[in-house]
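Work through the exercises below with the sequence and the structure in view. Try each task before reading its solution.

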Amino acid sequence: MKRFLYEISESWKIAAAQMRANKTRSALTALGVIIGIVAVTLMGTAIAGIQSGFDKSMSVLGEDVLYVEQWPWARVDDWWNYRDRKKIKTEYAESINRMIAATPHSNLIVAVPTSSLIKGVKYADNEVNNIFILGTTSDFIVTSTVDCKEGRFFNEVESKGGANVCVIGYDVADALFPSGRALEKMVLINGRSFKVIGVNNRQGTFLGLFSWDALVVMPLPAFNKYFSAKAESDVRVKVQDKTKLAEASSELTGLMRRVRGLAPEKKDDFTINQQQAFKSTLDPVKNSIAVAGLFITGLSLFVGAIGIMNITFVSVKERTKEIGTRKALGARRRTILLQFLIESTALCLLGGLIGLTVAYLMCFGIGAALPSFPINFSLGLVLTSMLVSILTGLISGLAPAWSASRLDPVTALRYE
Amino acid sequence: MSMLNDVTTRPAGPIVIDIENITKHYVMGEETVHALCGVTLQIRRNEYLAIMGPSGSGKSTLMNMLGCLDTPSSGRYQFNGKNVSEMDDDELAAIRNREIGFVFQTFNLLPRSTSLRNVELPLIYGGIDPETREERAAQALRDVGLGDRLLHKPNELSGGQRQRVAIARALVNNPSIVLADEPTGNLDSKTGQEIMTLLENLYQQGHTIILVTHEPDIAHHARRTVFLRDGLVESDEMSSASRIKELAS
Ligand SMILES: Nc1ncnc2c1ncn2[C@@H]1O[C@H](COP(=O)(O)OP(=O)(O)O)[C@@H](O)[C@H]1O
Ligand SMILES: [Mg+2]
């Protein structure tokens, strides 16, 4: 056992000396592995980044909120079956709330209507466009994960009375009130003024595509008074227990069918959406990145492995006499096998380390260039790359190391 | 040149090498080369033996056999009472590591390793711990007069010094026999004589030395000369300068 350890440590020293002696050759040979590891690391980082960014974005939608909408979020292939659906009306929320109240042990807590459209918002000389204007009730805070950074959300009185007040998103506040102090100011939306009573915390972006913070929320009656014409509406329903989403969803379906007065044989003419639907739309994206990444990784590791096998064969050939000498001095087959396996593995590990460094720097660069893209350079990824490198080294070294270990000492010693 | 073997011939000990009717043939395509055609030989502890013979007579083949680098095609080989002809590769490696010290004509040092690391090599394969290893390797190098060259690499040493490193490496495991195949073949005659003096000292210290050479000047350092011709022992007798010259001519 001890002897085995000495042989291993000796082999590492030889491998290091060998690489030092043939720097260019080693670097060139390791190139395939370097590219492979860069590919696998970047792929992993991209997938993890997209996933975590996605999860973060999704959390804004809320895990325990069902969305009653005209169409499903997930892509459908038979869109013609959906095209004639009626719009969702905000009044449904009141009906649903009444039914929830009448149902003992309902899985649902409260239904919140929302109506929205895109408009510009102005304050003095500052103006921001493409802002998501949302009309809703004071119950909205129950379905939302957003907190107010300053001020407060509108209360039930303001909600029912349709007061001209609003809560603005972080980005809106930032753009209109660069010096802060947004509260109590009057902002103009479509020529109407609304008093700012709250500013939301920063929510971040949806994968860097659009911001959850470019948002203005106001009481529904106020919204309807000025903007109802082109608005899109839905009803959000908070559920009791997020582990019972399926039950909640079917209960809500039943309520909605009653609201819509659907005969039993009729199909649903609305959709209950939940963030899960989005998750499934992400899978194809992740899968195609993984397939592309794995293809590049596999190809470059394959090329790299062949290169390393080749160079190890060359190394065995060059050092045939040395192998003979070592055998004469008492090296066993295992010793020689181990020595060359460790040499090819060391080469691959070196490639892996270089690849990781390159990938890390690239991620760092991407992170600096696109701050909104979530970079996730994980320890798991580092370990995976190291493992992949070691495996590549072992596999590519096996054939040459085996042939070296089988060399006849006399023949090897005679080799010039 | 004085005849060293006239000075002292040490009493030989128990039998170390006992070979009986050993043959070795190589099959080369259609042809079979008979390198050894039935050699019988006994070598005792603390002998100093030279194997002589013309080129192609089977000296190196016999040497490889004695050094357990190769196994005979037929015949019996006992090393310290153990039957070598039936051992597998790893058992042979273990015997070589513990019992045999090789000195090669071309030194066969690892070019990128220091003297110390070169000499440590057999100890690594013998599973000796690092501190003891370094101690013993350094001592072996001091014993061959290279105490001040421990950290030199082979290309920083002269030919004679390299062969001394090789001899230190051969001795470091305290082997039963030292096998030297043409140890002076790559050295000038003066350096060659120095190496022969070193081998003589080792013999005087109690080592068993087997020397392969085709040079009578080198062979006469040994106390006993085995002369091979065409894979057979032609003569096996106590060395005497005139007899060696006669055989070699
Ligand atoms: N590995 C081998 N394969 C084929 N023939 C060999 C091999 N080794 C030695 N021989 C042949 O065996 C004979 C003896 O060789 P060798 O022992 O090297 O002689 P010497 O060392 O006395 O010059 C020679 O004819 C040589 O060609
Ligand atoms: Mg020879």
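A cavity is a set of points, on a 1 Å grid over the protein atoms alone, where a 1.4 Å probe fits but cannot get out, and its lining residues have an atom within 4 Å of a point. This is a predicted model, in which local features need pLDDT of at least 70 and side-chain atom pairs count only at pLDDT 80 or more, while totals for chains, interfaces and linings use all residues; side-chain values use heavy atoms, without hydrogens and water. Residues are numbered from 1 along each chain as its sequence is written, with chains lettered from A and ligands numbered from 1 in the order in which they are written.

**Exercise 1.** Find which residues line the second largest cavity, and sort them by element and class.

Solution. Step 1: list the lining. Chain A supplies A:Ala328 and A:Leu329. From chain B come B:Arg96, B:Asn97, B:Ile100, B:Gly101, B:Phe102, B:Pro122, B:Arg169, B:Ala170 and B:Asn173.

Step 2: assign elements. Helices (H or I, at least four residues) and strands (E, at least two) are DSSP runs, numbered from the N terminus. In chain B, helix H2 (89-99), strand S6 (100-103) and helix H5 (159-171) each supply at least two lining residues. The largest share, three residues, belongs to S6(B).

Step 3: count classes. Ala, Val, Leu, Ile, Met, Phe, Trp, Tyr, Cys and Pro count as nonpolar, Asp, Glu, Lys and Arg as charged, and the others, Gly among them, as polar. This lining has six nonpolar, three polar and two charged residues.

Step 4: give the volume, which is the space filled by probe spheres set on the points, with grid points joined across faces, edges and corners. For the second largest cavity the volume is about 50 Å³.

**Exercise 2.** Describe the largest cavity by volume, elements and classes.

Solution. Step 1: a search of the whole structure finds four cavities of 30 Å³ or more, and the largest has a volume of about 150 Å³.

Step 2: helices H1 (2-21), H2 (23-61), H9 (275-318) and H11 (333-369) of chain A each supply at least two residues of its lining. Among the lining residues are A:Gln18, A:Arg25, A:Thr312 and A:Glu343.

Step 3: the lining has four nonpolar, six polar and two charged residues.

**Exercise 3.** Which residues come nearest to ligand 1, and why is the site shared between chains?

Solution. Step 1: a residue is near a molecule if one of its heavy atoms lies within 4 Å of it. Of the 13 residues around ligand 1, B:Gly56, B:Gly58, B:Lys59, B:Ser60 and B:Thr61 come nearest.

Step 2: the site is shared because residues from chains A and B surround ligand 1.

Step 3: look for polar contacts (pairs of N or O atoms within 3.5 Å). An oxygen atom of ligand 1 is 2.7 Å from a polar backbone atom of B:Gly56. A polar side-chain atom of B:Ser60 lies 2.8 Å from an oxygen atom of ligand 1.

Step 4: H1(B) gives the most to the shell around ligand 1, with three residues.

Notes
On a 1 Å grid over the protein atoms alone, a cavity is a set of points where a 1.4 Å probe fits but cannot get out, and a pocket is an open set with protein on both sides within 12 Å along at least five of seven lines; lining residues have an atom within 4 Å of a point. A polar contact is a pair of N or O atoms within 3.5 Å; within protein, one must be able to donate a hydrogen and the other to accept it, and residues adjacent in sequence count only if both atoms are side-chain atoms.
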